[in-house]
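Student: Before we discuss terminology, may I see the sequence and the structure?

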Amino acid sequence: MDFELLLDALLAGVLLGGFYAALSLGLAIAFGLLDVPHIAHPAFVLVGAYGAILVQGKFGIDPVLAGLLLAVPFYFFGTAVYRFYHTTFESRGSDAGLRGLAFFFGVAFVVEVLLILAFGIDQRGVRAPYIGRALEIGELRLPWRMVVASAVALVVAGAMMLWLSRTYIGRAVQAVAQDTQALALMGADPVRVKRIAFGVATASVALSGALLVVVGPVEPNMARIYIGKVFAIVVLAGLGSVSGTVLAAVLLGIAESLMLSSPAASWTPAVAFGLLLAVLAFRPQGLFGR
Amino acid sequence: MRGWGVFASGGVAVVLLAVLATQTVANDYLFFAAFVVLQFVVLATAWNILGGYCGYVNFGTGAFVALGAYTAVALHKFADLPLPLLVTAGAAMGGVLGAAVGLLTLRLRGIYFAIATLAVTIILETAVLNWDYVGGARGITVDRPHADALFGTYNRMLVVFMAAMAVVAVAIARWVGHSAFGRSLSAIRDSEDAAEACGVPTLKRKVQAAALSGAMMGAAGAPLPLYLNFVDHTSAFGLNYAVSALAMPMIGGTGHWIGPVIGALLLGTAQQAVTVTISSEINVLVTGLLLIGFVVAAPRGILGWLKR
């Protein structure tokens, strides 16, 4: 492989990684910090994507802006989901893990079928001035849609890090991840803290969905492909680390991009999962774990 | 031991009923439905050994079924081995896969095992897509006889065979439930630390359960390509296997061997009816909604209602 091709693949990988980070940040909070087995996360992302399509169809605004608007209802949706999850599973103990997993698996499944029934199995996309054009730097061509997705992902990641480290409630979220009981003893309500955090995670999912449909057309059964990728990234990152999530996402993006430009390109879907299995086997605390 | 006598007579009766049906029932679609439902009895029972008894969720039933199916396809193409050998080979491969995934991830919390089984599904599917010997993305047609001397058609013979496999699978689950092995699995499910402290070799037992469960799933997958005459990656790795094998024990009740059987018979039959009369999308929707409904409102499944 000559140098220029390699550079091309690396850059494409970094952009792809930025996009993957956008998909994974919500899960880094929901699963990484709050310990909710949120198998339905990619399905929620897809709901966000279809939401962005609908909002654009109705008001004709930019998809990323649509994602930002959708973040508000998604926040309340997220708090409602967590409230339900907590009262039904978390507070009941013993086999809650098993049933919680089965619950979210069922939710993911039902969401997929509802999307098929509502939108059909055809691919759907959005319009935006940056879709279909490329940023040209010398010989390199970087598609604007990937640049936009990565840039928004970085902004979201930065905002999340500031929120977690600088605000009162953000620190409380980190505290609840570390020691729920200690937080309760300090007089704070861990369930309320987790509810807000899950709401914020779900709000970010609306934006993830908008970016997903900016990057390419979506179809209802897409969530399956991303389950492995987002969990691979969150586990690889070390649970709950936002900066680690971005780094792990970029790592996966580069790995997939290199694989795509190699003779074994048809094996690319297995990269994320192979990486995930390797991490689980050899370094379950993640690369950048606490 | 008296219990085993009753159970064995019941099992023999099921197989005899299947044999009788091959001689009297004319509608071939009923045999297809019976094959699918019986296969789900095996899969749900297998899932329950690790999921219900031990508390570890397997999302990768499709991977194990496909591994059994493609093992059978490869061996059938290579040497045209007889059916029992194909099933044995499928079981062996499933067992090895179960043990391997278990060894990698069962030291960790349950969700990691669950995610790893999803990962294994995609990796195996990619492997099949890249393996031309078994048809790759195009799928492969399996040549097998159409007639059978005893049962009329080969497919009818397969239904009887699957009925026998279902009886054996349920017998295994029943034995596990009554044995010291099964009790140590329940102990692990209730409290892993306490089980370890009481001297249960938890990792070893969990890997054994994963291997046994995987072997049963692999065995259930092996006759599939012979029955369908054709197999490709979408039919073998179908997500419906993963969600149904999980939903059936949850609906029937996970603590007892009869739970998955009830769930598989009810949900499996309902799925066949809905797929034929309405559509396969609604079928999936119904399965998903039932799963959610039972997990939320009736954690002990139908068995829980009966015992109350």
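Tutor: The discussion below sets values against definitions.
This is a predicted model in which local features need pLDDT of at least 70, side-chain atom pairs count only at pLDDT 80 or more, and totals for chains, interfaces and linings use all residues. Residues are numbered from 1 along each chain as its sequence is written, while chains are lettered from A and ligands numbered from 1 in the order in which they are written.

Student: Why are α3(B) and α12(B) called oblique to each other?

Tutor: The axes of α3 (residues 61–79) and α12 (residues 239–252) of chain B cross at roughly 120° and come within 7 Å. Angles under 35 degrees count as roughly parallel, over 145 as roughly antiparallel, 65 to 115 as roughly perpendicular and the rest as oblique; α3(B) and α12(B) are therefore oblique.

Student: Which residues make the contact between α3(B) and α12(B)?

Tutor: B:T61, B:G62 and B:V65 of α3(B) meet B:L239, B:Y241, B:A242 and B:A245 of α12(B), where contact requires C-beta atoms, placed from the backbone, within 7 Å. By class, this contact has 5 nonpolar, 2 polar and no charged residues.

Student: What span is expected for α14 of chain B, and what does the helix reach?

Tutor: The expected span is 1.5 Å times one less than the number of residues. Helix α14 (residues 280–297) of chain B has 18 residues and reaches 25 Å from first to last C-alpha, close to the expected 26 Å.

Student: Which element gives the largest share of the side of chain B that touches chain A?

Tutor: In total, 36 residues of chain B contact 33 residues of chain A. Helix α5(B) gives the largest share of the chain B side, 12 residues.

Terms used:
Helix = DSSP H or I, 4+ residues; strand = E, 2+ residues; numbered from the N terminus. Axes fitted to C-alpha atoms, helices over the stretch in contact; angles between N-to-C directions. Contact = placed C-beta atoms within 7 Å. Nonpolar A, V, L, I, M, F, W, Y, C, P; charged D, E, K, R; others polar.
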